[in-house]
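Please open the model in your viewer and keep the selection panel at hand.

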Number of protein chains: 2
Amino acid sequence: MGLTKTEIFTDQQNEISLFAKVLGHPARVAILQHLFKTNSCVCGDLVNEIGLAQPTISQHLKELKYLGLIKGNVEGTSVCYCINTHNWTAMKTVMTAFLNQDITENQDCC
Amino acid sequence: MGLTKTEIFTDQQNEISLFAKVLGHPARVAILQHLFKTNSCVCGDLVNEIGLAQPTISQHLKELKYLGLIKGNVEGTSVCYCINTHNWTAMKTVMTAFLNQDITENQDCC
DNA sequence: TTTACTTATTGCAATATTACGATTAATGTT
DNA sequence: AACATTAATCGTAATATTGCAATAAGTAAA
């Protein structure tokens, strides 16, 4: 099937998994790290920085944009991409809450 | 192709994306949340709790185990699964460091 | 307007993921 | 041993993802 049954999970579970999924590819991790490092960036830079073809990078950027983690503005013939700090912070809040679930002393039972 | 070019990324980028990837399915998020909530759990409980078939749950458990986030011990005819707190903490450290990258004031340039 | 430059989109091939029925393996019970 | 119970594995179908060549679309400069 390859089709995730999202309807049987809570909105929260689906939200966490969607955020995690978009971070689940090293190219997208690399893109985000590069945007954090340089503050501002055009797509061409990313094609040079990362070793993937331009259409591939463009596709990854599209996914990051769809989830709202980055935004892009046209600047002449190129496009300036950067982190959407508001949405990044919101994502961080969701993910951190999940990662910081209480590990009680009863864990590691087996 | 469907084949990720891991060789062109850093070990850190690949590690982050692997952790994120395993969290990138709501069933695995739900399994982890259930293990956190109950401290100890057999697979049968998870099949009842989550609405997926037993082989599907078993497959998701296998992936979580492969990444080291959970461990399972045989207890009679059933298997007791629980969070591997040591590895969970290690994963949390890696992911938190990525999520907490500095957002400088120069961000949101576009 | 022609040319150059940059990014997006399309189309496609290859691999990966998700899900589950059927079966197997492993253990406990009678 | 025969049976019951539980989880893992196998096999398979359907969908998703990744990657890129080719092309299109958009803007700037000559």
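Begin with H2(B), which is mostly covered, eleven of its 13 residues being buried (under 20% relative accessible area with a 1.4 Å probe, protein chains only). The model is predicted: local features need pLDDT of at least 70 and side-chain atom pairs count only at pLDDT 80 or more, while totals for chains, interfaces and linings use all residues. Residues are numbered from 1 along each chain as its sequence is written, chains are lettered from A and ligands numbered from 1 in the order in which they are written, and side-chain values use heavy atoms, with hydrogens and water left out.

Select residues 26-38 of chain B to display H2(B), a DSSP run of H or I of at least four residues. Among its buried residues are Pro26(B), Val29(B), Leu35(B) and Phe36(B).

In the contact (heavy atoms within 4.5 Å), H2(B) contributes Ala27(B), Arg28(B), Ile31(B) and Leu32(B), and H4(B) contributes Ile57(B), His60(B), Leu61(B), Glu63(B) and Leu64(B).

Finally, show both chains. A rotation of 180 degrees with 0.0 Å of shift along its axis superposes chain A on chain B, with an RMSD of 0.1 Å. This is the relation of a two-fold axis. Select Ala20(A), whose C-alpha is the nearest to the axis in chain A, at 2.4 Å.

Terms used. Helix = DSSP H or I, 4+ residues; strand = E, 2+ residues; numbered from the N terminus. Expected span 1.5 Å × (residues − 1). Buried < 20%, exposed > 50% of the residue type's maximum accessible area, 1.4 Å probe, protein only. Least-squares fit on C-alpha atoms with pLDDT ≥ 70 in both.
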